[in-house]
Every structure is written in structure tokens, then in C-alpha cells.
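Please look over the sequence and the 3D structure shown here before reading on. The briefing that follows goes through pockets, domains, sheets and a few features of the backbone.

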Amino acid sequence: MGEITGTWRTRMEAHAKALIAQQHAVILAIESSCDETAAAVVADGREVRSSVIASQIPLHAMYGGVVPEIASRKHVESVDPVVKEALSKANMTLGQVDAVAVTYGPGLVGALLVGVAYAKAIAYAEDKPLIPVNHIEGHVSANYIAHPDLKPPFVCLIASGGHSHIVRVNDYGSYTLLGQTMDDAAGEAFDKAARVLNLPYPGGPLLDRLSKEGNPLALPLPHVKISGRYDYSFSGLKTALINRVHAMRQRGEDIPAADIAASFQHAVVEMLSDKAVLAAVETGAKTVALAGGVASNSGLRAAMQEKCDRHHLKLVMPPPILCTDNAAMIGSAAFYRLMKGELADLDLNACPSLRLV
Ligand code: KG4
Ligand code: ZN
């Protein structure tokens with residue numbers, strides 16, 4: 001096996017060298033880190049030729065969250081048809097793509113392994129370079145698709161179900177961590193707050209919709225103080241909200257769900273946007289980007305626009321469909337990794353707690 005791997009690797013390095021010389025590659029990307037099986041065909045990191053997302057949300061909603069074993073099994077069923085659909089929508093055969101990219105972390109180990117094993121198999125069988133992609137870098141890269149002129153450096157607020165980071169994107173694939181959450185991720189806090197309001201999983205988007213009918217100042221929530229200048233903490237806000245709702249229920253009061261949703265969203269959005277803009281201003285950034293599932297939150301998008309305008313910062317953000325999990329963003333990130341000659345070997349493994357920085 002060692003010898004075969006070595007030969008394949010040498011051939012892949014030669015393929016990659018040719019692609020780097022042309023600065024051109026059409027990449028088939030695969031994403032299976034959580035509860036979406038996705039595949040996309042992306043040219044040169046910017047042009048999406050097809051993007052297919054098979055969501056498992058209805059399957060997990062009855063349990064109130066993602067069940068890892070069910071997610072893995074569903075990925076096994078979906079990955080092949082999803083990849084075939086992405087190729088067919090791009091009018092391409094597997095043989096015609098230049099390289100295969102796959103998310104190898106962070107995420108659920110069993111879910112990641114499905115994409116990794118599938119990508120390794122087709123890359124080996126079809127003699128294609130294999131590009132390993134960090135899921136969080138994928139979220140950042142969704143901005144390259146939405147804004148073809150965007151180039152590093154910029155400051156990016158990444159807010160997803162598992163991560164809340166402020167990073168400086170120094171160059172493609174090079175990041176400096178400016179701040180991060182000390183406890184819950186923003187998406188996780190949205191989902192837990194939504195749950196206490198009896199909204200089904202994932203509650204973030206539903207809480208966003210409900211909050212449009214409520215008063216954001218109806219329910220005063222504690223002001224969170226945290227020592228790290230650009231760090232976040234959402235768990236105190238979440239607990240305060242849950243305690244308030246439980247107390248109202250115990251007293252037999254009506255729950256003003258829209259007001260509660262609006263107040264919670266307002267508190268989270270203020271914290272996310274204040275610190276992201278502060279970090280951008282204090283590090284001399286000219287452009288700020290949003291990334292991750294929570295970047296599709298209407299309140300966050302509006303607050304970031306208003307604060308960036310006030311500080312003469314350019315704000316870029318992907319459309320909501322590129323904020324939540326998809327494979328197009330993985331194909332974009334993969335292009336810049338490929339251009340640096342960063343390839344995986346056939347021993348690529350899933351890294352559930354892979355870090356961006
Ligand atoms: O990035 P993502 O699709 O998956 C992860 O990598 O985690 O993010 C999913 C998270 C979930 O917690 C979901 O509730 C949240 O993003 N989310 C939202 C909205 N849309 C998705 N949270 C608040 N408002 C939204 N509109
Ligand atoms: Zn994600």
C-alpha cells in the first residue's frame with residue numbers, strides 16, 4: 001500500500017503543479033460535517049457551476065438536535081446521489097473535474113468520515129488530486145463566491161452552530177485569531193433559546209422570523225461583561241432567558257414569545273456586531289466579512305451594515321444560502337489550498353476538533 005500511495009501521490013503532485021501553473025482548476029467539493037450532505041462544482045474558487053444540498057433537518061428535528069449516528073447513516077445513503085447530481089447539473093463527468101475536495105473537520109466524526117472516505121475513493125480511482133478543507137475556512141470562503149473582487153486582508157466574524165470567532169484573514173489560508181466565544185457558540189445559543197420557546201430544531205432561523213413581530217426592548221437581559229476585548233460569552237444570556245421563561249410558566253403567565261425572541265436576538269446581535277466592528281476598527285481593517293449560519297440572521301446583517309457604515313468600513317456577506325452549510329464554499333477554499341500545493345494523501349482522516357488557528 002505504501003508504494004501504491006507513493007506513486008499516486010507523486011502523480012497527484014504533478015497534476016497539481018500543472019493546475020498551479022495555469023492558475024485554473026474546476027473542483028468537485030464534498031461536505032458532510034454535520035446534518036447536510038452537499039456537493040458542488042466550483043471553478044477557480046469563485047464560479048459555482050452547481051451546488052446541491054441534501055438537508056437532514058426533518059430527520060433530526062423530532063429529537064431536538066442532530067443525532068450523530070443517524071447523521072452518519074443518512075450521509076452514507078446520500079453522498080453518492082448528491083455528488084452525481086452536482087456533476088450532472090454542472091454538465092460534467094467525474095473524469096472531467098481537475099481535483100476533488102472534502103471537508104475533513106471540524107464536525108461529527110462519523111459524518112466527516114463518510115465524505116472523507118468517499119472523496120479518497122473517487123480521487124484514487126479517477127487519479128485526481130485530493131484537497132483537504134477546514135469547514136470553518138469554507139464558511140469564510142463563501143465570501144469569495146459572493147464577492148468576486150474580495151481579497152485578503154479583511155476581518156471576518158464567523159458565527160455558526162459550533163463556532164464564534166473574530167479573525168483577521170491575512171491572506172488566503174492565513175488567519176490571526178482576534179477573539180472567540182468563551183462558552184456557547186452564537187448559533188448554539190440561538191438554538192437553545194428557541195427550544196425554550198418550543199420552536200423546533202434548528203431554532204435559529206425560526207427565532208429570527210419570530211423576532212420580527214416582537215419588541216427587542218421588552219425583556220431586559222443582563223449586560224454581559226467579559227475581559228477579552230474581542231471575546232464573547234453567550235451562556236449567561238441564554239441561562240437568563242431560560243430562567244425568565246421557566247419563572248413565567250411557573251406563575252402561569254402567558255409567554256410573550258415574539259418579545260422574548262426579539263429581546264434575545266437583539267442582545268446577541270449587539271454583542272456580535274459591537275465586538276466585530278471594534279476589532280476591525282482597532283486593527284485598521286477596511287473590510288469586514290460575515291460567515292457561518294448565524295450570518296444569515298436578519299438582525300445581525302442589519303446591525304453590521306449600520307455599524308460598518310458608521311465607521312466607514314466596507315461590509316461583505318454571502319447570501320443566506322451560502323452562509324449555512326454547503327459545498328460551494330468548500331470548493332472555493334479548496335482552490336486556494338490547491339494553488340499552494342496543499343494536497344492530502346490517502347491516509348487523510350477526519351479531524352472532529354480541527355482548528356482554524
Ligand atoms: O454554519 P452552520 O450552517 O453549521 C455549522 O457549521 O454549525 O450554522 C448552523 C447554525 C444553527 O445553530 C442555526 O440555528 C444558526 O446557524 N442559524 C441562525 C440563522 N440561520 C441559521 N441563527 C440565527 N438566525 C438565523 N437566521
Ligand atoms: Zn457550518
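On a 1 Å grid laid over the protein atoms alone, a pocket is an open set of points with protein on both sides within 12 Å along at least five of seven lines, a cavity is a set of points where a 1.4 Å probe fits but cannot get out, and lining residues are those with an atom within 4 Å of a point. By this definition, the second largest pocket is lined by 20 residues, and His223, Val224, Ala267, Glu270 and Met271 lie nearest its centre. The model is predicted, and local features need pLDDT of at least 70, side-chain atom pairs count only at pLDDT 80 or more, while totals for chains, interfaces and linings use all residues. Residues are numbered from 1 along each chain as its sequence is written, chains are lettered from A and ligands numbered from 1 in the order in which they are written, and side-chain values use heavy atoms, with hydrogens and water left out.

- Helix α9 (residues 257-282) gives the most to the lining of the second largest pocket, with seven residues; helices (H or I, at least four residues) and strands (E, at least two) are DSSP runs, numbered from the N terminus.
- By class, the lining of the second largest pocket holds eleven nonpolar, four polar and five charged residues, where Ala, Val, Leu, Ile, Met, Phe, Trp, Tyr, Cys and Pro count as nonpolar, Asp, Glu, Lys and Arg as charged, and the others, Gly among them, as polar.
- The largest pocket has a volume of about 1,100 Å³, and among its 41 lining residues Ser160, Gly161, Asp191, Tyr201 and Pro202 lie nearest its centre.
- At least two residues of the lining of the largest pocket come from each of α5 (135-146), α6 (186-196), α7 (203-211) and α11 (320-323), and the largest share, six residues, is that of α6.
- The lining of the largest pocket is made up of 17 nonpolar, 16 polar and eight charged residues.

**The two domains**

- The chain is divided into domain 1 (2-142 + 324-339) and domain 2 (151-320), with bounds that come from an automatic or database domain assignment.
- The contact takes 17 residues from domain 1 and 17 residues from domain 2, where contact means heavy atoms within 4.5 Å.
- Taken over C-alpha atoms, the centres of domain 1 and domain 2 are separated by 29 Å.
- Each of the two domains gives at least three residues to the lining of the largest pocket.

**The sheet β3-β2-β1-β4-β5**

- Five strands in the order β3-β2-β1-β4-β5 form an open sheet with mixed pairing, and two strands pair if DSSP finds at least two bridges between them.
- Because β3 (47-55) and β5 (130-134) stand at the edges with a single partner strand each, one side of each is left without a neighbour in the sheet.
- From one strand to the next, the twist of this sheet averages 20 degrees; axes are lines fitted to C-alpha atoms, for helices over the stretch in contact, and angles run from 0 to 180 degrees between N-to-C directions.
- Strands β1 (residues 26-31) and β2 (residues 36-43) run antiparallel and are joined by six bridges, and Val26 has Ala43 in β2 as its bridge partner.
- Helix α4 (residues 109-126) lies across β1, β4 (99-105) and β5, at about 155 degrees to β4, whereas α5 lies across β1, β3, β4 and β5, at about 95 degrees to β5.

**The sheet β8-β7-β6-β9-β10**

- An open sheet of five strands has the order β8-β7-β6-β9-β10, and its pairing is mixed.
- The edge strands of this sheet, β8 (174-180) and β10 (314-316), each pair on one side only, and the twist averages 25 degrees from one strand to the next.
- Strand β7 (residues 164-171) runs antiparallel to β8 and is joined to β8 by six bridges, with Tyr175 in β8 as the bridge partner of Val169.
- Helix α10 (residues 298-310) lies across β6 (154-159), β9 (287-291) and β10, running at about 175 degrees to β9.

**Backbone details in loops**

- Gly105 and Pro106 are joined by a cis peptide bond with an omega of about -10 degrees, and Pro106 is found in the loop between β4 and α4.
- Another cis peptide bond joins Pro152 and Pro153, with an omega of about 5 degrees, and Pro153 has its place in the loop between α5 and β6.
- Gln23, although it is not a glycine, has a positive phi of about 50 degrees, and Gln23 is found in the loop between α1 (2-22) and β1.

Terms used: Grid points are joined across faces, edges and corners, and a volume is the space filled by probe spheres set on the points.
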